[in-house]
Amino acid sequence: MKDAAPSMVLLSEYRAPDWHVDHLDLCFELDPVATRVESRIRVRRAVGTEPGVALRLHGQALELLRLEVDGSPAEADAVTADDEGLLLTGLPDTAEITVETRIRPDANTALEGLYVSGGSLCTQCEAEGFRRITYFPDRPDILTRYRVRLEADAARYPVLLANGNRVEAGALPGGRHYAVWEDPFPKPSYLFALVAGDLTCVSDRFTTRSGREVALEVYVEHHNRERCDHALASLKRAMRYDEDAFGREYDLDVYMIVAVDAFNMGAMENKGLNLFNAKYVLASPDTATDDDYVQIESVIAHEYFHNWSGNRVTCRDWFQLSLKEGLTVFRDQEFTTDCTLFGAKRIDDVQRLRAFQFPEDAGPLAHPVRPDRYAEINNFYTMTVYEKGAELIRMLRTLIGRETFRRGLDTYFERFDGQAVTTDDFVAVMAEVSGRDLGLFRRWYTQAGTPRVTACSTFDASAGRLRLQLEQRTPPTPGQDTKEPLHIPLKISLVGADGDRLEARLGDGPEAQEWVLELTDAEQVFELQGLAEAPAAISWLRGFSAPVLLDAGQDTAELAHLVAHDDDAFTRWDAAQSLLRRAVIARVGEAPDGTLEATLIRAMAALLEDSRVEPVLLASLLELPAHRELMESFEHADPVVIFEVREAVKKALFASLEPALSRRQGDPGALDNDAFTAEAMGGRRLLNRILALRVTLGARGALEDAETQYREARSQTLRMGALAAVNESPDALRAELLADFEGRYRDDPLVLDKWFALEAGSQVPGGFERLERLLEHPGFRWSNPNRVRAVLGPFMAANHRHFHHPDGEGYRRIAALIEHLDGLNPQTAARLVQPLTRWRRLDPGRSTEMHAALEQLAGKRLSRDLADVVQRALAP
Ligand code: BES
Ligand code: ZN
């Protein structure tokens, strides 16, 4: 792959399709070794095209058995085969094309197209998997109605599912049977799905607000039947929420969810037939943690919400991916905020954004929310497209107001129903309903990189006036050397000396206590007037109103005042994060900042004593910025030093607070129940966090508490919390409990993944041998992405001492494993390789070693997916 520059797809080369597809008839004779697919495509030449213009049918890894046009074999000179598939020329203006192909699901290790998971056959078509099933114009702007006939062995595959409604089913000779499905909604090929398997169905009902009766069906392997209640309950909550909060109703008579073990991603929103990674469906208190419960609910909701934001209104081309993903992430975030986590949700989301999206935006893979080129679209399902994309939607709402935003969404869904559109179309609707000029705002979609905003304030006591001076600057990113100013909404308020919010007027606006400053220029000044007293602190960026890095030059006292008094949970937490980050940075410079640490200790002590601080918020307030996020604070950093300093700061801050920590820890017995309310989960989160902190501190009784909590736990949350707490401990207890856990859950793949993850992520000595043993463990499966991710992911993300071993052994081992994985599953390999792309940000020795490992990998025969990532990471 060494010098092959992968060919690029460019947004600027988008052209509307030359042919429409009026109908598609598919017939599958299903068999894992040889599946026969017969497809009848009714095509119609688009208005404004030349007669006889070529029709592109995409196809990949297909065996072509038959190709007919209007019932006669296609003329040889009218068919050209190339890398992409087939080109048909000389067609009449309307035609029926019949294509018969043969595929081999059991040899499909890429898990795109039709493949085998466990005993079932299933599909994954987004983004370009449909072309691995049959020849078809596989692009999202071609929408058509599907009729699908499935035939299979009745004993082996008693359940036969596809999109839409089942219109026919019956027995066939030779122990076979069939089912016919029709989807009344035109859809792009990426939303096609089928499933054949021996599955059990857990069902329920939902009545939409207009009175439509919907059957809800969750299909799982028989032994998982008892673990579906939470998924079904989540689905019903999501359906009701979409009606209440967004006015969106479901549109088919049945909504099906199928859980499969082998799945590249989390889940997929195929029309009426979602496919899910089993990890995001199955739950019981004994096997799933609170975080698992919350994630299941949010993934179920996300895929459900796509029925409108994605399926009814879809993407014109894959550059528009954020149109559906950013919007749907925004919608699922709102759902989890309003129904499950409340204030804690925003903090969790910003933490994720800072730990994963900011580094992406600052690294070699940086790209805009709407990219303008790609070599492999699979590599653009990124934190930027998803999470930053959701932030753009949130900023739009902040700028135009909630009610107008809601009207804009209604207009968008109504106007574009049944169409394939662009992010520009979306923003244009928001501009139209609000009457605002959002021209500048569009830059957020096209410009990569995280803006730096610097702020300073001066107070004129005699005039009662606060002058705010702001600057914005976005650093260059690959391919974008110069950056323009963006439209940034900065939500702020002022906190007085006694902790209350202050009133003032922005410019000649009305008296208020909170303002949205709209930054549009590189430098800007705002004035707040009519202030009766000097603010003790400014609460900047409330609710994280924009995805920026803010430097407001606040001193320790001002930040501590916010930690004590800010009424916005996010900025309160963020003030604590700033102080904690500074404490780490100071110690990396080898000089602990005594004043800062003393302030932090006092602040933490006050929080621990303050019973008004809810457990869930307290848990976040006690947490240091993540290792990944701290790495970003340095141009070049030694990951092991960052880890050690982070631990040292924990010890310096909390050693003297042990008694207070113990008092706030909570009683495991009382918290260990299967209530999944915010309050119950918050209590358990705090319990586990304090337990882990006390173990780190080497507090007296902490290991004993962990052991008791582990052994007496009824819930997975408490069991896992105890196990995670001892996972870095040199004590023999660690191995003892991990062995117990493995024995207990050996036959439960989803729980066993947690064990693999802890073993791989632990930095206790012998990490390479442990990695080796995990790969040789009888439960290890290269064919199961969850299992592979459970080992490689935590090894790279948490096992700093081994992954970042100074002699480069960690990098070389991982590179070799990724090369192996790439031969089987390119999409997963290209995702897992990402930690190896950060070589520029490491200390010189490690940087050289990581770079060398990556170069070596680049010299191998790689898939397009992996080659694309590796080449961008190495580009000068
Ligand atoms: N449409 C995606 C699934 C997908 C992604 C298919 C990439 C093919 C390639 C789905 O809606 C999705 O976004 N899933 C997320 C989870 C979600 C809760 C953010 C995933 O799979 O990670
Ligand atoms: Zn999605």
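So, how do α5 and α6 lie relative to each other: roughly parallel, roughly antiparallel, roughly perpendicular or oblique? Hold that thought for a moment.

Quick housekeeping. This is a predicted model, where local features need pLDDT of at least 70 and side-chain atom pairs count only at pLDDT 80 or more, while totals for chains, interfaces and linings use all residues. Residues are numbered from 1 along each chain as its sequence is written, chains are lettered from A and ligands numbered from 1 in the order in which they are written, and side-chain values use heavy atoms, with hydrogens and water left out.

Helices (H or I, at least four residues) and strands (E, at least two) are DSSP runs, counted from the N terminus.

Okay, the sheet. We've got 3 strands in an open, antiparallel arrangement, ordered β30-β27-β32; pairing here takes at least two DSSP bridges between two strands. β30 (515-519) and β32 (537-539) are at the edges with a single partner strand each, so one side of each has no neighbour in the sheet. On average, neighbouring strands are turned by 35° against each other, direction ignored. β27, residues 488-495, joins β32 over 3 bridges in the antiparallel sense, and there Leu494 has Ile538 as its bridge partner.

Lying across β27 and β30 is α5, residues 383-400, at about 65° to β27. Angles run from 0 to 180 degrees between N-to-C directions, and axes are lines fitted to C-alpha atoms, for helices over the stretch in contact.

Back to my opening question. α5 packs with α6 (residues 402-416) at about 125°, axes 6 Å apart, so the two are oblique to each other. The cut-offs: under 35 degrees is roughly parallel, over 145 roughly antiparallel, 65 to 115 roughly perpendicular, and the rest oblique. In contact terms (heavy atoms within 4.5 Å), Ile393, Arg397 and Ile400 of α5 meet Arg402, Thr404 and Phe405 of α6. That's 3 nonpolar, 1 polar and 2 charged residues. For the classes, Ala, Val, Leu, Ile, Met, Phe, Trp, Tyr, Cys and Pro are nonpolar, Asp, Glu, Lys and Arg charged, and the others, Gly among them, polar.

Last stop: α23 (residues 785-797) and α25 (residues 809-824). Their axes come within 11 Å and cross at roughly 155°, which means they're roughly antiparallel. On the α23 side we see Val788, Leu792, Phe795 and Met796, and they meet Gly810, Ile814, Leu817, Ile818 and Leu821 of α25. This contact divides into 8 nonpolar residues, 1 polar and no charged.
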